[in-house]
Amino acid sequence: MTQEQPIIETKGATINFNGLVAVDSVNFTMKEGEAIGVIGPNGAGKTTFFNLLTGLFFPTRGKIFFFGRDITAVPPHKRVMMGIVRTFQLVSVFDTLPVIDNLILSTHRISGNQESRGKFFFSDAHHHQMEARCLDALKLMGIENKADIMTAELSYGDKRKLELAVALSLNPKILLLDEPFAGLSDMEICEVSRIIAEVKKKFSFVIIEHKISHIIDLVERLCVMHEGKLIAEGPPSEVLCDPLVREVYWGKEEGLTCSV
Amino acid sequence: MKTDNKMMSLFKTDAGRSFLDIAVIGAGFLALLPILGINRTTDFMIFCVFVLGFNILYGFMGRLSFGHMLYLGTGAYAITLFSEHVSQNPLLAILAGICAGALIGVILGPIIVRTTGACFALINLAFDQVGYFLVLVAFSKYTGGEDGMSVYFSKMGFLDFGQKPVMFGFTLLCLLLTYYLLKKFTSSPYGILIKSIKENETRVKFLGYNTFNYKWITFIISTTIAAFAGALSILNYGYVTPSFIDPSRAVEVIFAALIGGSGSLYGAIIGGVIYMAISNYLASYISRWEMFLGIALLICVFRFRSGIWGFVVDKLKILDQPKERIS
């Protein structure tokens with residue numbers, strides 16, 4: 001037995017959508033403070049695996065543990081309060097609200113305690129303290145000058161940063177990023193990547209990505225998923241040389257040599 | 001000049017804005033008084049309370065109910081039965097109506113708020129049908145069935161609701177109070193929460209909120225205000241009929257919310273007044289006035305997507321100017 005409790009652990013996690021097994025008996029463990037990349041081709045079950053970890057779906061079979069506690073049946077909002085925070089593949093911020101309002105709910109959720117129940121219904125959402133905290137979160141992303149415009153008017157990259165700011169304001173213990181670079185320009189990828197590198201020491205995180213090159217410097221361990229199964233895991237250099245992984249990614253080719 | 005600035009900055013604060021809004025609404029209805037006459041103005045204001053209650057559910061949280069007459073009717077019959085069997089004190093009776101509205105929200109909420117879209121609209125309608133049947137047939141012994149029944153209230157010193165000016169003043173007070181409470185609710189974090197639920201409920205769950213509870217609370221707020229409006233109507237008319245709970249009248253409040261502009265409190269009030277004006281005045285000139293209501297709605301759908309108030313705000317962009325931030 002190891003003394004150190006894994007931050008998150010799945011045992012035989014399986015989900016079956018009417019015959020389609022999207023995630024198939026995945027055993028996954030992660031130590032606190034680790035940075036893991038999940039890669040795999042389209043439809044490999046990466047996002048569904050995230051959905052299991054965060055509680056959007058519940059597994060058909062198998063169990064999920066968070067610091068040794070069984071959270072298989074815990075609803076998503078409670079998992080968030082435990083510290084399991086995620087972002088979405090399709091950037092999901094509230095377009096009809098001003099930018100700063102996107103942060104008020106998460107900020108209030110974290111700062112709010114039992115006595116502030118009444119405050120939630122009656123206080124002014126934009127009082128100074130709250131605004132200052134929200135602005136701080138935006139500053140971290142470098143978009144504080146856009147706090148008052150409507151979210152719909154933000155560029156896709158800025159929305160991504162806003163979503164990241166919301167996630168960080170929830171005080172995560174583990175942050176699950178679902179393709180944070182999808183749809184961004186090269187320059188924006190650099191910026192977001194820099195932001196992630198900056199904050200990654202504070203907590204554990206898992207990051208889903210297609211392109212290995214985007215995350216290779218950010219993560220310490222890679223997990224490769226294919227057809228719902230976890231087919232390989234380990235340090236990036238090792239995993240990328242794994243013949244099975246190479247076959248999944250590049251098909252069967254003899255000429256390729258491992259150069260990582 | 002200096003006092004001017006002071007006044008302006010006062011109106012920029014939250015409390016100042018609410019005060020300004022209330023003054024504007026109060027002045028607006030007082031201005032309507034000589035045009036419409038006291039009876040109609042009171043009627044209009046009661047309907048506006050109803051629209052406000054409906055709009056918190058539809059405009060803010062994005063849940064369209066086809067059966068809101070049930071909650072209006074609950075208030076109407078609750079105040080009737082209370083005055084018949086318990087006490088004729090008008091204020092207590094209104095309180096009973098409000099409590100009945102809250103109670104029906106508490107009971108039906110967990111079933112209703114699970115659903116969205118068409119399902120939400122129709123499940124409300126279904127419950128409304130049940131309520132209509134109960135009032136009309138099953139409990140006709142107590143409700144007077146199709147004929148309805150007269151309701152009597154005792155006088156409370158100067159508070160004699162049989163006198164029109166008293167009723168008018170009281171209704172205006174109730175409307176302003178409802179407005180103030182809703183204004184408070186909708187500018188709090190809770191207001192942001194329900195707007196967020198309208199846009200993307202799943203995302204709200206992943207911000208750590210149990211959306212079910214908040215949808216339920218919103219539903220209760222909405223049914224309570226609707227019942228409040230129902231109770232006020234009975235206080236005004238002194239007579240209850242099944243038309244207060246008739247499911248086929250559910251469109252009225254929907255039209256009003258759409259015309260005025262859902263998603264804003266001013267919009268609800270403007271929509272309520274315009275709808276009532278059309279239905280009161282057009283009906284006396286044209287027997288099939290509903291057609292014109294349909295045309296008005298068509299114009300709204302194609303030309304004023306966010307209702308008349310939404311259009312005005314878009315054009316002026318005065319009332320919603322982003323405030324200056326101290327950095």
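This is a predicted model: local features need pLDDT of at least 70, side-chain atom pairs count only at pLDDT 80 or more; totals for chains, interfaces and linings use all residues.
Residues are numbered from 1 along each chain as its sequence is written, while chains are lettered from A and ligands numbered from 1 in the order in which they are written.

Okay, the interface. On the chain B side, 22 residues are in contact with 25 residues of chain A; contact here is C-beta atoms, placed from the backbone, within 7 Å. The elements of chain B giving two or more residues to that side are helix H8 (164-186), helix H9 (189-199) and helix H10 (201-205). Helices (H or I, at least four residues) and strands (E, at least two) are DSSP runs, numbered from the N terminus. Which helix gives the most? That's H9(B), with eight residues.

Now to chain A, which has an open sheet of six strands, in the order E6-E7-E8-E3-E9-E10, with mixed pairing. Strands count as paired if DSSP finds at least two bridges between them. At the edges sit strand E6 (84-86) and strand E10 (229-234) of chain A, each pairing on one side only. Further in, strand E3 (residues 35-39) and strand E8 (residues 204-208) of chain A run parallel over four bridges, and Val38(A) has Ile208(A) as its bridge partner in E8(A). Helix H1 (residues 46-54) of chain A packs on this sheet, touching E3, E6, E7, E8 and E9 of chain A.

Elsewhere in chain A, strand E4 (residues 61-66) pairs antiparallel with strand E1 (residues 8-17) over five bridges. E4(A) also makes a hairpin with E5(A), with two residues between them, and Phe67(A) in the turn has a positive phi of about 50 degrees.

Last stop, the core. The largest nonpolar core has 160 residues. By that I mean buried Ala, Val, Leu, Ile, Met, Phe, Trp, Tyr and Cys residues joined through C-beta atoms within 7 Å, with buried meaning 20 or more other C-beta atoms within 10 Å of the residue's own. Helix H3 (residues 38-60) of chain B brings the largest share, 14 residues. Among the residues with the most contacts inside the core is Val51(B), and Val51(B) touches Val253(B), Ala256(B) and Gly271(B), among others.

Key. Two residues are in contact if their C-beta atoms, placed from the backbone, lie within 7 Å. Axes are lines fitted to C-alpha atoms, for helices over the stretch in contact, and angles run from 0 to 180 degrees between N-to-C directions. A residue is buried if 20 or more other C-beta atoms lie within 10 Å of its own, exposed if 12 or fewer, and partly exposed in between; C-beta atoms are placed from the backbone. Lists of a residue's contacts leave out its neighbours within four places in sequence.
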